[in-house]
Amino acid sequence: MNTLNRYTAEYLSYCEYRKRLNFKTLKAYRIDLNQYSVFCNSSMDFLSRNTLDLYITELHKHYKPKSVKRKIASLKAFFHYLEYADLLVQNPFDKLDVHFREAKLLPKTIPFHSIQKFLSVLYSQKNQAASTYQLRCCLRDIAVIELLFATGMRISELCSLRPSDIDLENNTVLIYGKGAKERILQLGNPEVISALMLYQDSFKADISTCGYFFVNKVQFTRDYTE
């Protein structure tokens, strides 16, 4: 066993029994460190900054930024252990630039035809509701989805809406976002306004009881046994 493999085995044992890392983390560390060992091939000084620099460049040639970032993190943790165990004099990462620009991924959007199909199914279920209970569930779901698609608000923002935040006379919604920032959105789509009004009329007692505009659990004030 060469020096790097011996250090790796000691480090993984330290991670398992001293740091109590889980199996998946240990497996990832083992894979990443073995890969570095193969790169060094016993012929390169694995403790040198130059070797690490060459290895990181090689990683960028073959892996996506997320994978590179994880593999670098595994190596940094390993070298930190070597420093902690007094197995090296100078940590090569101290003078190594490992920062790189990651491509920003745009959020995925739902195609318009998918939204139309989704809403069409909801309205169809409302028209075919076999009981008052089912009808009220459909009214609530339609109101939630229509408002989400119309405003683009976050789920957390929708869940925290109070009855006073929805003004159906002026067709506005008051939203409390991150950092306690407020913004008022104008509702211009008649179908959205109609869906909110139908929901509000049907759930007026439940809204008053729970204190939020959208009832987070179907707890009706009357027992529907239909």
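**Close-up views of a predicted model**

**View 1. Buried residues of helix H3.** In H3, the residues Thr 51, Leu 52, Tyr 55, Ile 56 and Leu 59 are buried. Viewed down the axis of H3, these buried residues fall within an arc of 130°, so they line one face of the helix. An α-helix has 3.6 residues a turn, so residues three or four places apart point the same way. The buried residues of H3 pack against H2 and H4. The 14 residues of H3 should span 20 Å at 1.5 Å a residue, and the end C-alpha atoms are 20 Å apart, which agrees. The structure shown here and in the other views is a predicted model.

View 2. Glu 58 and Lys 61 form a salt bridge, with 3.7 Å between the closest N and O atoms. The two residues are 3 apart in helix H3 (residues 49–62), so about one helical turn separates Glu 58 from Lys 61. Glu 58 counts as partly exposed because its relative accessibility is 29%. Lys 61, with a relative accessible area of 59%, is exposed.

**View 3. The salt-bridge network of Asp 32, Arg 70 and Lys 71.** Salt bridges link Asp 32, Arg 70 and Lys 71 in a network. Side chains of opposite charge can pair when their charged atoms come close. Between Arg 70 and Asp 32, the closest N and O atoms of the salt bridge are 2.7 Å apart. This pair links distant parts of the chain: Arg 70 belongs to helix H4 (residues 65–84) and Asp 32 to helix H2 (residues 23–40), 38 residues apart. The salt bridge between the side chains of Lys 71 and Asp 32 has an N to O distance of 3.0 Å. Because Lys 71 lies in helix H4 and Asp 32 in helix H2, this pair ties together parts that are 39 residues apart in sequence. Arg 70 is partly exposed, at a relative accessible area of 39%. In the whole structure, a search finds 8 salt bridges.

View 4. Val 192, Ile 193, Ala 195, Leu 196 and Tyr 199 are the buried residues shown in H8. Down the axis of H8, its buried residues fall within an arc of 160°, so they line one face of the helix. The buried residues of H8 pack against helix H5 (112–127), helix H6 (132–151) and helix H9 (204–210). On the face turned away from the buried side, H8 carries the exposed residues Pro 190, Glu 191 and Asp 201. At the start of H8, a side-chain oxygen of Asn 189 comes to within 2.9 Å of the backbone nitrogen of Glu 191. Helix H8 (residues 190–202) has 13 residues, which should span 18 Å at 1.5 Å a residue; the end C-alpha atoms are 18 Å apart, which agrees.

**View 5. The hairpin of strands S2 and S3.** Strand S2 (residues 172–176) and S3 run antiparallel and are joined by 5 bridges. Val 173 has Leu 185 in S3 as its bridge partner. The hairpin has 5 residues between the strands, and Gly 179 takes a positive phi near 70°. How many of the 5 residues of strand S3 (residues 182–186) are buried? The count is 0, and S3 is hardly covered.

How values were computed. Residues numbered from 1 in each chain as written. Predicted model: local features only at pLDDT ≥ 70, side-chain atom pairs only at ≥ 80, totals over all residues. Heavy atoms only, no water. Salt bridge = Lys/Arg side-chain N within 4 Å of Asp/Glu carboxyl O. Helix = DSSP H or I, 4+ residues; strand = E, 2+ residues; numbered from the N terminus. Buried < 20%, exposed > 50% of the residue type's maximum accessible area, 1.4 Å probe, protein only. Expected span 1.5 Å × (residues − 1). Arc of directions from axis to C-beta. Contact = heavy atoms within 4.5 Å. Polar contact = N/O pair within 3.5 Å; in protein donor to acceptor, adjacent residues only side chain to side chain. Pairing = 2+ DSSP bridges.
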